[in-house]
Amino acid sequence: MNLARFPRVRLGHMPTPLEPMENLSRLLGGPDIWIKRDDCTGLSSGGNKTRKLEYLLAEALAQGADTVLTQGATQSNHARQTAAAAAKLGLECHILLEDRTGYADEAYNQSGNVLLDKLHGASITRHPGGTDMQAEMEKQAEALKAKGRKPYCIPGGGSNAVGALGYVNAALELVNQAAEMGLRIDHVVHATGSSGTQAGLVTGLVALNSGIPVLGIGVRAPKEKQEANVLALSEKVATHLGLPGIVRAEHVVANTDYVGQGYGIPTEGMIEAVKLVAEKEGIILDPVYSGKGMAGLIDLIRKGHFKKGENIVFLHTGGSVGLFGYPDSLDLG
């Protein structure tokens, strides 16, 4: 598995830390919890999309692009990191934001990630929930081409075979870190949405013959759809790596019991998880992804899903700036 043959621009601070969560582990009384700090990738407050953008924007530059377009929800972490990466590389950035929650308050629509999108110089267009965002993005790209620009479209979450290489690389990084520390990893758990992070991790860990299973805690789609999306992308990633057929259905597992009422809508479990990790570990989660991912992990530990003595690595996908879009949800008084 030679990742060096794929174009890459360096945007993040790698490797990200792998740390024990001793206080949380002691409180829950179950397995030993570790955290892979991909909130520390460094680009505009960090997050998992930076890894994907290193490969996506390398491809954009190789194609001679002068403009990048991407799409996501209003408080999209991916959009924010794309805007920052484009600014760093001197590219124009256009962001399409979809209203997936129906929230009308100013904090949600103007603060958090949206504020940083604008700060990085990106232009923003807003679209109602249910819009075919890929089609809208392609329409904007065609309009830019007509003006003589050279646009490069990045799918939501940066989740395609090129972007997912970032998490194939993260799998290699994690396995190397664990080997150096003498750490046996029994499970990796993370929030899964657009599928690229999980697909990259699964493909990378399978390609390395690590034997480490990955559990994605879903934040949007039903279980069957989420697993199908991850498997389909994993197969594309494996083929892109020149390793077709290595990922099988049994490698892809998602638990979607913690979505709540829908994408980006707070749950009691998420609120508890965000508060607990902040108070016990000094680490800030986000309300849309890592908060629900950690809520799932905490609940599964309480239910005895993981054994005492096992080592569970929680991948922190970043996005804490999104909390500023939800000022009333945490009820901090």
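**Cysteines, rings and a helix**

Author: Cysteine 153 is partly exposed, because its relative accessible area is 27%, and partly exposed means between the limits for buried (under 20% relative accessible area) and exposed (over 50%), with a 1.4 Å probe and protein chains only. This is a predicted model, in which local features need pLDDT of at least 70 and side-chain atom pairs count only at pLDDT 80 or more, while totals for chains, interfaces and linings use all residues. Residues are numbered from 1 along each chain as its sequence is written, and side-chain values use heavy atoms, with hydrogens and water left out.

Reader: How many disulfides does the structure hold?

Author: A disulfide is a covalent bond between the sulfur atoms of two cysteines. Here it is counted as a pair of cysteine sulfur atoms within 2.5 Å. For cysteine 153 the nearest cysteine sulfur, that of cysteine 93, is 11 Å away, and cysteine 153 is in no disulfide. The number of disulfides in the structure is zero.

Reader: Is cysteine 93 buried or exposed?

Author: The relative accessibility of cysteine 93 is 5%. Cysteine 93 therefore counts as buried.

Reader: Which kind of pair do tyrosine 103 and tyrosine 108 form?

Author: The ring centres of tyrosine 103 and tyrosine 108 are 5.2 Å apart. Their planes stand at 80°, so the pair is edge-to-face.

Reader: Why does the pair of tyrosine 263 and tyrosine 289 tie together parts that are apart in sequence?

Author: Tyrosine 263 lies in the loop between strand 9 (253–255) and helix 10 (268–281), where helices (H or I, at least four residues) and strands (E, at least two) are DSSP runs numbered from the N terminus. Tyrosine 289 lies in the loop between helix 10 and helix 11 (290–302), so the parts tied together are apart in sequence by 26 residues.

Reader: What distance separates the end C-alpha atoms of helix 8?

Author: The expected span of a helix is 1.5 Å times one less than its number of residues. Helix 8 (residues 196–207) has 12 residues, so it should span 16 Å. The distance between its end C-alpha atoms agrees, at 16 Å.

Key. Rings of Phe, Tyr and Trp (its six-membered ring) pair if their centres lie within 6.5 Å; planes under 30 degrees apart count as stacked, over 60 as edge-to-face and the rest as tilted.
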